[in-house]
Amino acid sequence: MSTYTLSRSGRGMKQTHKPGENPWSVSRMAALLVLAVLAATWLVPFAWSVLTSLKSEADAGASAITLNPPDGFSFDAYRKVLSAGDIPTWAWNSLLTSVAITVITVATSALAGYAFSRINFKGKRWLYAAIIAAIIIPPQLLIVPLFRQMLAFNLVDTYWGIILPQSFAPAMVLILKRFFDQIPVELEDAARVDGAGRLRVFWSVVLPLSRPILAAVAIFVFIGAWNNFLWPFIVTTDAHLMTLPVGLQTVKSAYGLQYAQNMASAILAALPLVVVFLFFQRQIIKGIATTGFGGQ
Amino acid sequence: MSTAIDTPPVTAEEVTAQGKARAKRGETLTGWAFAAPFAVLFVLFLVVPAVYGLYLSFTGETLTGAGSGLVGFANYGEALRDPDMWKSLGNTLWFTVLSTVPLIVLSLALALLVNLGLPGRWLWRLSFFLPYLLASTVVVMFWSWMYNPTLGLINGVLAKFGAAPVAWLQDPKVAMVSVVITTLWWTIGFNFLLYLAALQNIPEQQFEAAAIDGAGKWRQLFSIVIPQLTPTTALLVTLQVLASLKVFDQIYMLTNGGPAGKTRSIVEYIYESGFTGYRFGFSSAISYLFFVLIVLVALAQYKIINRRSAA
């Protein structure tokens, strides 16, 4: 493997090694070995689950380590899970609710972030203080009152019941406000002199300049919504409305000793985000790195 | 006909004063119009439940409504005398210590290794970060299978070396460690990524200057790299402690708090008293006690970080 191919794949990164430094030195080889062992360790649970999912149920339940099972490998477990189970329904529910949560969160956070950054309105300082204070409140502590409230609103076992309580993010408002603060006001003033209203300026001047940060926020919110367990678990009892993480939890025990099908459904549930990640690796990593600190 | 003659004369001062007041009112309206969609959701789904939960904690509210009505501090008194509450709290703190240390130290080590610029950078990054993208349910399904006492890979490998099988999730001495290993595998990618981003922001010139001064690689690590990462470390520790205190998903699904309540976390206890025992008032009281603890921890961390940066 030449360093040339490396620097090409590592676009935008630091040089792979400093000039004059031996790229094949003993210490670098040792570090490489350690990295390889660690990475392999991290990939084992994936690999082992994929392997199990490709076995027959008889082989999967027969002995711990069989790399060449008597029945061979097949996609039978996947076929069974997809034809008999609710996985397609749950995947659709996950997609629908996660997209709605992402769209509403990004839109409301951007609007509010802009108001905090640019507009001097009465009550702004109070609202801002409340948002900062709210970041520390773990949503897990509100499950009981929130559930009672959803009962009162008739939102238990509805899509909106899943979506609405997850559709605002104080931390994202702060991140976007900080970003808008850096945009020179002069850019907006020019448009305002031409008679454009606030909303118009926001839409046609500010938003186009903010695409990367909006994408970062959207990615972060989407991953969180797609994977969220506790709230959808509490607010849905109807199997047809469950999201993937919640639905899988209910069948995980129902599959009982059908290990291959169990692993096949886990792999199927993991697949969408893994594929999305492989395609948008750079954007996702950048998005997590820029929003991560404010977002957890 | 010009308007100047028809309208009563106004001084320039009056015009600006009126205009300013109108502009101010206009700004307030626009400001709230922009903030309203967020503010409505924020109030409805955070402020209202927070206040309602506080009220509930002073009632005997249950699913059937039996024994409802204000009970003063009875729920708080009961919670503070409840050995299960203290046990869950102890488990949670233990989990926080056990998970935070490796999640910081190991993620830093991984980031430093990957940042050396060795071949295959994208592969290393992918391996360590990928699990972070998985839902807790999927993580638990993978690891329940790994930990399976008779068919799991870990005991299978142990058997090849002649070691006795371990009951990873059933043995009270081991269960919490198993939960921590799963958590480490699942969430280290986040810390790793933020460390990696911080490492790439350290200016190259600092290393060159240090190299000219004759500082070796290890000296550079301890005198340049780790001090430069202090703000990142401080933030990661803060986030990690708060995240670990809230642990629920993987414990609930891996061990359901067992064996014998050995791994039950405080959020799990809140969930159980609320949704299995249907004691909404009692559950809310524990939530608020725990919230006080979280605020104290956050304040303590804030103080420590500020004192460090002031020194």
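# Reading a two-chain predicted model

Buried residues make up 41% of the 296 residues in chain A, where buried means that 20 or more other C-beta atoms, placed from the backbone, lie within 10 Å of the residue's own; 12 or fewer means exposed, and in between is partly exposed.

Me: What kind of model is this, and how are its parts numbered?
Reply: The model is predicted: local features need pLDDT of at least 70, side-chain atom pairs count only at pLDDT 80 or more, and totals for chains, interfaces and linings use all residues. Residues are numbered from 1 along each chain as its sequence is written, while chains are lettered from A and ligands numbered from 1 in the order in which they are written.

Me: How is confidence read, and what is the mean pLDDT of chain A?
Reply: pLDDT is the predictor's confidence in each residue, from 0 to 100. Chain A has a mean pLDDT of 84, with 89% of its residues at 70 or more. Over residues 1-16 of chain A, pLDDT stays under 50, and the model has 15 contacts beyond four places in sequence for them. Where pLDDT is low, the predicted coordinates should not be read in detail.

Me: How many helices and strands does chain A have?
Reply: Both are DSSP runs numbered from the N terminus: helices are H or I with at least four residues, strands E with at least two. Chain A has 16 helices and zero strands.

Me: Take helix α12 of chain A. What span does it reach?
Reply: The expected span of a helix is 1.5 Å times one less than its number of residues. Helix α12 (residues 211-227) of chain A has 17 residues and reaches 24 Å from first C-alpha to last, close to the 24 Å expected. Of those 17 residues, 12 are buried, including F220(A), F222(A) and W226(A).

Me: Where does UniProt place the transmembrane regions of chain A?
Reply: UniProt positions are given in the numbering used here, feature names are shortened, and annotations may be inferred rather than shown by experiment. The unreviewed UniProt entry puts "transmembrane region" at residues 90-114, 126-147, 159-180, 201-226 and 259-280 of chain A. Residues 90-114 of chain A are 100% helix and 0% strand, with end C-alpha atoms 36 Å apart. Residues 159-180 of chain A are 73% helix and 0% strand, and their end C-alpha atoms are 32 Å apart.

Me: Which domains does chain A have, and how do they touch?
Reply: Domain bounds come from an automatic or database domain assignment. Here chain A is divided into domain 1 (16-77) and domain 2 (84-295), with 33 Å between their centres, taken over C-alpha atoms. Their contact takes 10 residues from domain 1 of chain A and nine from domain 2 of chain A. Two residues are in contact if their C-beta atoms, placed from the backbone, lie within 7 Å. On the domain 1 side, α2(A) gives the largest share, four residues.

Me: How many residues of chain A are in contact with chain B?
Reply: 80 residues of chain A are in contact with 77 residues of chain B. Helix α2 (residues 26-53) of chain A supplies the largest share of the chain A side, 13 residues. That side divides into 54 nonpolar, 19 polar and seven charged residues. Ala, Val, Leu, Ile, Met, Phe, Trp, Tyr, Cys and Pro count as nonpolar, Asp, Glu, Lys and Arg as charged, and the others, Gly among them, as polar.
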